[in-house]
Amino acid sequence: MLTTSAVLSRDPAAPFSIEAVQIDAPRAGEILVRVQAVGICHTDLVTRAAGGPARPLLLGHEGAGVVEAVGAEVTTVRPGDRVVLTFRHCGSCANCRGGRPAYCHRSIALNQFGSRADRSPRVTADGTPVRDGFFGQSSFAGYALTTPDNTVVVDPATDPVVAAPLGCGFQTGAGAVLNALRPAPDDQFVVYGAGAVGMAALLAARAAGVERIVVVDPNPARRALALDLGATAALDPTSDDTVTAVRETTGGGATHALDTTGQPGVLADAVAALTTGGTVVAVGLGAGVPDIDVRDIVLGGKTIRGCLEGDADPHTFIPHLLELHAAGRFPIDRLVVDYPHTHIDTALEHQRDGRTVKPVLTW
């Protein structure tokens, strides 16, 4: 075992704690990654709040770093490889074989704190097992044990701080645009929510050549940043009738829309503001039932669909996004701010008040 610093949650109502943990050596099929950077995702915070009584929790699912060692049977990576960590998938079910690993039949079992088959601990703190295995990585630590299916090899020159959020948030937003919605340059694209997912969607739409992009967000700093990144309009839902404002701004309604908020009212507005034949994709895992007019959907030929992890195959999509970034067409470096992992409280504060779109912890 090796000892490293980790960000643990011992009480959902208390701040995260910085503690020493012990990481086991990689077993057969496992990969030991030295974590250099990890994005803070909304999913980490929601899981922390609803993670149940088993504590401490080791979260983190947007890791990036370098492979330190591999267990027997691992052939896809080797020590020294720079990698981005993402979600797990079985690789053998119908959805995985069909190129849709985000919808893997075993997704919940593999990504929600899955344990080893023999129940032996991968991570301990003072001899007590830590609840780990979140998205097959639990990368809020200086080292993480991963598997080949969620470990993506990238170019050695890749900046881990920029690349880390591609494991989930940036992949989700960009994939929703490039893989699910696929707007054409002359389409009218509207993004609801200018957080990390929404901003990545904006940048992906710009990379695809979409000329008309509207962002809807209550935070003035994020609206200003969206305009600076290429949005043609930014609307404040707290002061405008959102549906009317979107229709007026787009000249009749959105052809394509993305709801990143998970709020039923926002999704309902997004559907209402679509033009005839328009499509809205929902990626936010919220709760509740949107008030949607069935006649409007049918008479308007509108489409509503969900999208997990950008409908992406991470092993091809993450390198593709990094290629777009290297070419200057996907400037996600504008969205990230790095913080020492010991300053996670500051990172969370800056994320809440809108000063930082995507905080990334470093080791």
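Predicted model: local features only at pLDDT ≥ 70, side-chain atom pairs only at ≥ 80, totals over all residues.

Colleague: Let's begin with the rings. How are the rings of Phe 113 and Phe 134 arranged: stacked, tilted or edge-to-face?

Modeller: The count comes to 3 aromatic pairs, and this is one to look at. The ring centres of Phe 113 and Phe 134 are 5.0 Å apart, with the planes at 25 degrees. Planes under 30 degrees apart count as stacked, so the pair of Phe 113 and Phe 134 is stacked.

Colleague: Good. How many residues apart in sequence are the parts that this pair ties together?

Modeller: Phe 113 belongs to the loop between helix H3 (107-111) and strand S7 (123-125). Phe 134 belongs to the loop between strand S8 (128-129) and strand S9 (143-146). The pair therefore ties together parts whose separation in sequence is 21 residues.

Colleague: And the rings of Phe 134 and Phe 135, are they stacked or edge-to-face?

Modeller: Their centres lie 4.9 Å apart, and the planes are at 75 degrees. Over 60 degrees is the cut-off to apply here, so Phe 134 and Phe 135 are edge-to-face.

Colleague: Which residues form one aromatic cluster, and are they buried or exposed?

Modeller: Phe 113, Phe 134 and Phe 135 form one aromatic cluster. The relative accessible area is 12% for Phe 113, 0% for Phe 134 and 10% for Phe 135. Buried means under 20%, so Phe 113, Phe 134 and Phe 135 each count as buried.

Colleague: Which residue lies over the face of Phe 113?

Modeller: Charges over rings turn up here too: the charged end of Arg 48 sits over the ring of Phe 16, 4.0 Å from the ring centre. For Phe 113, the distance to the ring centre is 4.4 Å, and the residue over its face is Arg 131.

Colleague: On to the domains. What area is buried between domain 1 and domain 2?

Modeller: The assignment gives domain 1 (2-167 + 331-362) and domain 2 (170-309), with C-alpha centres 29 Å apart. The contact takes 21 residues from domain 1 and 18 residues from domain 2. Carbon and sulfur atoms give 62% of the buried area, which is about 1500 Å².

Colleague: Which side chains meet in a salt bridge?

Modeller: Across the interface of domain 1 and domain 2 the rule finds 1 salt bridge. Arg 334, together with Leu 335 and Val 357, supplies 34% of the area that domain 1 buries against domain 2, more than any other three residues. At 2.5 Å from N to O, the side chains that meet are those of Asp 228 and Arg 334.

Colleague: One last item: is Thr 279 buried or exposed?

Modeller: Thr 279 is placed in strand S15 (residues 274-282). Beyond its neighbours within four places in sequence, its contacts include Leu 181, His 256 and Thr 303. With a relative accessible area of 19%, Thr 279 is under the 20% cut-off and so counts as buried.

Note on methods: Residues numbered from 1 in each chain as written. Heavy atoms only, no water. Phe/Tyr/Trp six-rings, centres within 6.5 Å; stacked < 30°, edge-to-face > 60°. Helix = DSSP H or I, 4+ residues; strand = E, 2+ residues; numbered from the N terminus. Buried < 20%, exposed > 50% of the residue type's maximum accessible area, 1.4 Å probe, protein only. Lys NZ or Arg CZ within 6 Å of the ring centre and 35° of its normal. Domains from an automatic or database assignment. Contact = heavy atoms within 4.5 Å. Buried area = accessible area lost by both parts, 1.4 Å probe. Salt bridge = Lys/Arg side-chain N within 4 Å of Asp/Glu carboxyl O.
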